[in-house]
Amino acid sequence: MLKLILFTLTILAIKPFGVVGQLVSSSTPAMPLYEKVPATIINGDTVAQINLATVVVMANRKFMSIEDAMKYYSLRRDVKVAYPYAIMAEATFRQCQATMETMSSNSDKKHYLKQMESQMMDQYKEDLKNMTVNQGRILIKLINRETGTTSYEMVKELRGSLTAFMWQTVARVFGNNLKDTYDPQTEDKEIENIIGQIESGVI
């Protein structure tokens with residue numbers, strides 16, 4: 001019996017290197033014990049090339065006070081609310097640009113934009129109405145992050161200078177600025193860190 005056990009362990013040990021064929025289970029289909037991957041030769045050795053998923057390494061966060069903790073978690077909540085709408089805004093903006101490039105008539109472009117505006121108002125009006133002033137401010141910054149242009153320039157390009165000026169005036173009344181830009185290195189570094197956590201599934 002001991003010899004049989006040792007023989008079995010030996011067979012199992014060498015199978016991953018392909019010396020012996022595949023293990024076959026009576027209840028499950030045979031599965032390959034190896035997978036072909038790209039490789040390169042370095043100093044005469046064949047080295048596998050495998051793309052690994054991004055790993056986010058985070059230290060345990062420490063706060064100097066309860067106020068600092070509340071401020072951070074409020075920011076994290078607001079970013080989680082605003083970020084999906086920034087992604088949606090970027091996709092819609094690109095779609096509008098691409099569609100309008102196929103139109104030669106200004107009247108067709110205006111009609112198309114009115115349709116898109118009406119459609120988005122119907123779909124997102126209630127959600128956006130429930131946003132706080134700070135969430136709106138973060139959304140304006142994140143739109144700049146995703147599109148590379150400010151909300152003011154987007155409105156100006158799609159609807160004209162007068163409409164952009166009017167919306168900027170309304171935004172300023174509510175304490176926001178459509179010309180706000182995103183700075184992930186300094187002013188908005190904390191927001192960028194939170195987005196990294198969102199995209200990696202940490203939060």
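At 19% relative accessibility, T149 counts as buried, the term buried being applied under 20% relative accessible area with a 1.4 Å probe and protein chains only. The structure is a predicted model, in which local features need pLDDT of at least 70, side-chain atom pairs count only at pLDDT 80 or more, and totals for chains, interfaces and linings use all residues. Residues are numbered from 1 along each chain as its sequence is written, and side-chain values use heavy atoms, with hydrogens and water left out.

T149 is placed in the loop between α4 and α5. Residues up to four places away in sequence aside, T149 touches F93, I143, N144 and M154, a contact being defined by heavy atoms within 4.5 Å.

The chain comprises 7 helices and 2 strands, taken as DSSP runs numbered from the N terminus (helices: H or I, at least four residues; strands: E, at least two). Along the sequence, these elements follow the pattern α-β-β-α-α-α-α-α-α. Of the 203 residues, 25% count as buried. Of the contacts between residues at least 6 apart in sequence, 60% join residues at least 24 apart. The accessible surface amounts to about 15,000 Å², with 58% belonging to carbon and sulfur atoms; the areas were computed by the Shrake-Rupley method with a 1.4 Å probe.

The largest pocket holds about 1,300 Å³ of space. Its lining consists of 34 residues, of which L128, L139, V155, W167 and L178 are the closest to the pocket centre. Two or more lining residues are given by each of α2 (66-101), α3 (106-129), α4 (133-147), α5 (151-159) and α6 (161-173). A pocket is here an open set of points on a 1 Å grid over the protein atoms alone, where a 1.4 Å probe fits, with protein on both sides within 12 Å along at least five of seven lines; lining residues have an atom within 4 Å of a point. The volume is the space filled by probe spheres set on the points. By class, the lining contains 24 nonpolar, 6 polar and 4 charged residues.

Helix α3 provides the largest share of this lining, 9 residues. A kink of about 50° in α3 is centred on Q123, the bend at a residue being the angle between axes fitted to the seven residues ending there and the seven starting there. Within α3, Y112, L113, M116 and Y124 are buried, and the buried residues of this helix pack against α2 and α5.

Key:
Buried < 20%, exposed > 50% of the residue type's maximum accessible area, 1.4 Å probe, protein only. Nonpolar A, V, L, I, M, F, W, Y, C, P; charged D, E, K, R; others polar.
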